[in-house]
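Work through the exercises below with the sequence and the 3D structure open. Each task is followed by a solution in steps.

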Amino acid sequence: MDRFVIKGGRRLKGTITVSGAKNAALPIMAAALLGDGPSVIHDAPDLADVRHTADLLGELGAEVRRQDGRVHVEVVDESASHAPYDRVRKMRAGICVLGPLLAKRKKARVAMPGGCAIGSRPVNLHLRGLKALGAKIELDGGDIVATAERLKGADIFLGGPFGSTVLGTANVMMAATLAEGTTVIESAACEPEIQSLAEFLTAMGARISGAGSPRMTIEGVEQLHGAEHTLIPDRIEAGTFMIAAAITNGEVHLRNCRLDHLMAVVDKLREVGIHVEADGDEVVVASARHLRATDVTTQPYPGFPTDLQAQLMALLCLANGNSAITEKIFPDRFMHVAELLRMGADIRKEGPTAIVTGVKKLIGAPVMASDLRASAALVLGALVAEGETTIQRVYHIDRGYDAIETKLTALGAEITRVGEE
Ligand code: EPU
């Protein structure tokens, strides 16, 4: 297992290009299963999760090829319909094939994903939505087995105890594209990745309105064809690099960055004292030397994203005063706290809230990556920590950040990947 060795204390300066969004790429690749004929996805990030999805689609009869940042998907055999536990365990987004397989192949057997480092990850809302479309759903040996001769449009409320569900919305909308009649999803997720998926499905011939709002309407069609689509920039990667600029007191220019997808994040960073401005095609992020403490609560889009909670916490560790961070999407998503404490942070957990008291400095230490975003927070802490930090298990980072050490090195960071001896 690779590890990162990072020497802290370098101000990051320069320009990087944000990659295509991981969380748009995964459901969109799954959506390609719905089409007759080839699909091409442009700006696909080079990530372990994209490769896992390609392997899963391969097992499901698709030919998947990557070339110059494009992913080509073409279904050549529709006889398989099983997404086994081994695949879904590695990457929960594997659940996204459930809706397309059911709608296109009339049956799907997809392993029920277990929990993960960020907490319990139920899929009850996905299943409720598909049942409302007329699917018969059973659990067999840990697999979800869904069948339906032809799905039927329905009015579906998809809200859960923590608000909307992103991949649940994706699954139900994908299934509804080939259903008979009209489906209305209430409390649909509004994330830009859902809008990106809706654009791809529309290019395939689907009839969708209201994507990006809490009420989405899908009129079922008989058939979809392959399509081309350019992914939106990864807003979480962009936010992570904004915080990298802020925490190192640097100045970073981001290309391919959509500020309109990052309003809650930019608002919070400005409150902390960071300068974030659009400059032509680029976004410039420059740190103020003095970071102010702030309070933040994670929420579904357009609120502050849970996927940047850990990274913001790393920044607030160095702010002047006390900050309260409340996690409203995944209340147990705090694995980074114990590791940041090892680096000298002062954080106290109270239920789904972390109280962060700013310290003068972080100190390099051996730490362990536990999940994707927690690992990003440790990289951010390490960039500014005194001395050297070793981060074990960086395969978590490789799941979701395209060439992170190359990009950080280009900005002047001292980061080395060390392979297993
Ligand atoms: N939930 C339910 N029932 C369900 C589905 C979700 O109760 O059937 C709950 C979840 O437990 C959670 C909340 O609803 O409390 C929201 O979960 P959601 O379903 O929206 O999460 P997801 O779709 O499984 C995606 C991203 C996550 C991101 C969340 C929230 C992908 C591949 N994953 O997961 O991304 O944190 O939305 O924005 O799009 C990451 O990239 O690091 C990551 C974890």
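**Exercise 1. The second largest pocket**

Task: State how the residues of the lining of the second largest pocket divide into nonpolar, polar and charged.

Solution. Step 4: the space in the second largest pocket is about 490 Å³.

The model is predicted, so local features need pLDDT of at least 70 and side-chain atom pairs count only at pLDDT 80 or more, while totals for chains, interfaces and linings use all residues. Residues are numbered from 1 along each chain as its sequence is written, and side-chain values use heavy atoms, with hydrogens and water left out.

Pockets and cavities are found on a 1 Å grid over the protein atoms alone: a cavity is a set of points where a 1.4 Å probe fits but cannot get out, a pocket is an open set with protein on both sides within 12 Å along at least five of seven lines, and lining residues have an atom within 4 Å of a point. Grid points are joined across faces, edges and corners, and a volume is the space filled by probe spheres set on the points.

**Exercise 2. The cavities**

Task: How many cavities of 30 Å³ or more are there, and which residues line the largest cavity?

Solution. Step 1: the count comes to 2 cavities of 30 Å³ or more. Step 2: the largest cavity has a volume of about 50 Å³, and its lining consists of T240, F241, A244, V379, L380, L383, I404 and L408. Step 3: at least two of the lining residues come from each of α8 (235-247), α12 (372-384) and α14 (404-410). Helices (H or I, at least four residues) and strands (E, at least two) are DSSP runs, numbered from the N terminus. Step 4: by class, this lining has 7 nonpolar, 1 polar and no charged residues.

Step 1: the second largest cavity holds about 30 Å³ of space. T306, Q309, A310, R333, H336, D371, R373 and A374 line this second cavity, with at least two residues each from α10 and α12. Its lining divides into 2 nonpolar, 3 polar and 3 charged residues.

**Exercise 3. Helices α8 and α12**

Task: At what angle do α8 and α12 pack, and which residues meet?

Solution. Step 1: the angle is about 20°, and the axes are 9 Å apart. Axes are lines fitted to C-alpha atoms, for helices over the stretch in contact, and angles run from 0 to 180 degrees between N-to-C directions. Step 2: α8 is therefore roughly parallel to α12, a term for angles under 35 degrees. Step 3: the crossing is right-handed, meaning that the near helix is turned clockwise from the far one by less than a right angle. Step 4: I236, T240, I243, A244 and I247 in α8 meet R373, A376, L380, G381, L383 and V384 in α12, where contact means heavy atoms within 4.5 Å. Step 5: these residues divide into 8 nonpolar, 2 polar and 1 charged.

**Exercise 4. Helices α10 and α11**

Task: Describe how α10 (residues 309-316) packs with α11 (residues 335-342).

Solution. Step 1: the two axes lie 10 Å apart, at an angle of about 25°. Step 2: α10 is therefore roughly parallel to α11, and their crossing is right-handed. Step 3: from α10, Q309, A310, M313 and A314 meet H336, V337 and L340 of α11. Step 4: the contact has 5 nonpolar, 2 polar and no charged residues.

**Exercise 5. Backbone details**

Task: Where are P302 and D43 found, and what is the peptide bond from Y301 to P302, cis or trans?

Solution. Step 1: most residues other than glycine have a negative phi, and most peptide bonds are trans. Step 2: the bond from Y301 to P302 is cis, with omega near 10°, and P302 is in the loop between β20 (295-297) and α10. Step 3: D43 has a positive phi, near 65°, and sits in the loop between β4 (39-42) and α2 (48-59).

Note on methods. Parallel < 35°, antiparallel > 145°, perpendicular 65-115°, else oblique. Nonpolar A, V, L, I, M, F, W, Y, C, P; charged D, E, K, R; others polar.
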